[in-house]
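Please read them with the structure open beside the text.

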Amino acid sequence: MDMLELMEWLAERGVTTLFKVDGDRMTEHRKAWMVTVSGGPLGEDSFFRADLGTADACLDSLLAHLEGKGLSPFA
C-alpha cells in the first residue's frame, strides 16, 4: 500500500492525515519528511507525528503506530 492509498483509507474512517516534505529541511540535509494523523477511531488524544529522513520511513512509522492502535489496512 502506498501513502496515497493509506491516506484515503484513513480518511474513509474519519482520520485526518497530513504527509509533507519540507524543502528548507531538505536543502539543509535534515529530516524533511513528516506525517501526522489524528481523530476518528484513533481518539482525540491520539495525535501522532513522525519527522523522518524518507517517505518510506514515514510510511513504516505510521503503519506501526496504526497497528499499535488496532487499526490496520491489512486486516
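1. In which element of the protein is confidence lowest, and in which is it highest? The model is a predicted one, and its confidence is lowest in helix 1, at a mean of 93, and highest in strand 3 (residues 48–52), at 97. For the protein, the mean pLDDT is 92, and 100% of the residues reach 70 or more.

2. The sheet is open and has 3 strands in the order 1-2-3, paired in antiparallel fashion. Strand 1 (16–21) and strand 3 stand at its edges with a single partner strand each, so one side of each is left without a neighbour in the sheet. From one strand to the next, the twist averages 5°.

3. Strand 2 (residues 33–38) runs antiparallel to strand 3 and is joined to strand 3 by 5 bridges; within this part of the sheet, W33 stands opposite L52 in strand 3. Helix 1 packs on the sheet, where helix 1 touches strand 1 and strand 2, and its direction makes about 155° with that of strand 1. Helix 3 also packs on the sheet, touching strand 1, strand 2 and strand 3, with a direction at about 155° to that of strand 3.

4. As for the helix pair, the axes of helix 1 (residues 3–11) and helix 3 (residues 55–68) come within 11 Å and cross at roughly 30°; since angles under 35 degrees count as roughly parallel, the two helices are therefore roughly parallel to each other. Helix 1 passes helix 3 in a left-handed crossing. M3, L6 and L10 of helix 1 make the contact with C58, L59, L62, L63 and L66 of helix 3, and by class this contact has 8 nonpolar residues, no polar and no charged ones.

Methods: Residues are numbered from 1 along each chain as its sequence is written. This is a predicted model: local features need pLDDT of at least 70, side-chain atom pairs count only at pLDDT 80 or more; totals for chains, interfaces and linings use all residues. Side-chain values use heavy atoms; hydrogens and water are left out. Axes are lines fitted to C-alpha atoms, for helices over the stretch in contact, and angles run from 0 to 180 degrees between N-to-C directions. Helices (H or I, at least four residues) and strands (E, at least two) are DSSP runs, numbered from the N terminus. Angles under 35 degrees count as roughly parallel, over 145 as roughly antiparallel, 65 to 115 as roughly perpendicular and the rest as oblique. A crossing is left-handed if the near helix is turned anticlockwise from the far one by less than a right angle, and right-handed if clockwise. Contact means heavy atoms within 4.5 Å. Ala, Val, Leu, Ile, Met, Phe, Trp, Tyr, Cys and Pro count as nonpolar, Asp, Glu, Lys and Arg as charged, and the others, Gly among them, as polar. pLDDT is the predictor's confidence in each residue, from 0 to 100. Two strands pair if DSSP finds at least two bridges between them.
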